[in-house]
Amino acid sequence: MSTVRLSTTSYVVLGMIAMRGPSTSYDLKRAIGHSVGYFWHFPHAQLYSEPKRLEQLGLLEVEEEDDGRRRRTYTITDAGLSALRSWLAEPTDQHFELRDVAEIKLFFNELAAPDDIKRLAQDQIKQHQDRIAEYEQMQERFGHESAISRRMVTLGLGLEMEHAALRFWTSLAERAERGEFEA
């Protein structure tokens with residue numbers, strides 16, 4: 001296994017199965033959609049192909065139904081848990097990655113009409129307000145559940161980032177309203 005490279009998606013799959021217990025690819029898709037999917041995006045098709053690959057590497061075991069939907073339920077192996085724990089223990093040298101289409105559009109603002117910048121800022125304000133409300137509801141709903149309290153720590157970072165983005169776009173909207181982006 002030492003020559004096999006595991007991706008971040010590999011570790012997400014291993015980690016989710018380690019935390020949740022036996023899971024189908026559909027279970028993973030739902031669980032990720034309600035957790036790490038808020039800050040780590042990847043094609044959901046990978047949640048169907050990656051567990052098969054990890055099984056071939058001996059990091060997951062699979063139990064397949066003989067009839068019906070023939071669901072494949074994956075369980076982490078000792079080798080999979082060891083690989084996950086080794087990855088968790090490693091420091092990361094990767095810088096924070098932000099992939100934001102609105103930021104790309106803003107970069108090209110001098111080619112846009114001033115009203116386009118105003119609309120972009122207003123739309124972003126609404127989106128960040130909505131995400132803050134969603135995160136605060138999650139915090140209120142799940143914040144006191146001791147079984148998941150350690151997982152909720154990432155929600156705090158998400159809220160901080162959303163508040164920072166909201167401050168930025170609000171300031172930008174004010175600047176656009178003052179005419180700072182007029183030719």
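The largest nonpolar core in this predicted model has 21 residues, and Tyr135, Trp169 and Leu172 are those with the most contacts inside it. By nonpolar core I mean a set of buried Ala, Val, Leu, Ile, Met, Phe, Trp, Tyr and Cys residues joined through side-chain atoms within 4.5 Å. Buried is under 20% relative accessible area, exposed is over 50%, and partly exposed is in between, with a 1.4 Å probe and protein chains only. H5, H6 and helix H7 (153-177) are the elements that give two or more residues to this core. H7 gives the most, with 8 residues. Helices here are DSSP runs of H or I, at least four residues, numbered from the N terminus.

Apart from that core lies another, of 20 residues, including Met16, Leu59, Leu60 and Tyr74. As background, nonpolar side chains tend to be buried together in soluble globular proteins.

A word on conventions. Residues are numbered from 1 along each chain as its sequence is written. Local features need pLDDT of at least 70, side-chain atom pairs count only at pLDDT 80 or more, totals for chains, interfaces and linings use all residues, and side-chain values use heavy atoms, with hydrogens and water left out.

Back to Tyr135. What is Tyr135 in contact with, leaving aside its neighbours within four places in sequence? The list is Tyr38, Leu155, Gly158, Leu159 and Glu162, where contact means heavy atoms within 4.5 Å.

Now the aromatic rings. The whole structure has 4 aromatic pairs. Rings of Phe, Tyr and Trp (its six-membered ring) pair if their centres lie within 6.5 Å; planes under 30 degrees apart are stacked, over 60 edge-to-face, and the rest tilted.

Tyr11 and Trp87 are stacked, because their ring centres are 4.4 Å apart and their planes at 5°. Tyr11 is in helix H1 (residues 8-20) and Trp87 in helix H4, so this pair ties together parts 76 residues apart in sequence. Tyr11 counts as buried at 13% relative accessibility, and Trp87 as partly exposed at 31%.

Tyr38 and Tyr135 have ring centres 5.5 Å apart and planes at 80°, so that pair is edge-to-face. Tyr38 sits in the loop between helix H2 (25-33) and helix H3 (46-56), and Tyr135 in helix H6 (residues 114-142), so the pair ties together parts 97 residues apart in sequence. Tyr38 is buried, with a relative accessible area of 19%; Tyr135 is also buried, at 6%.
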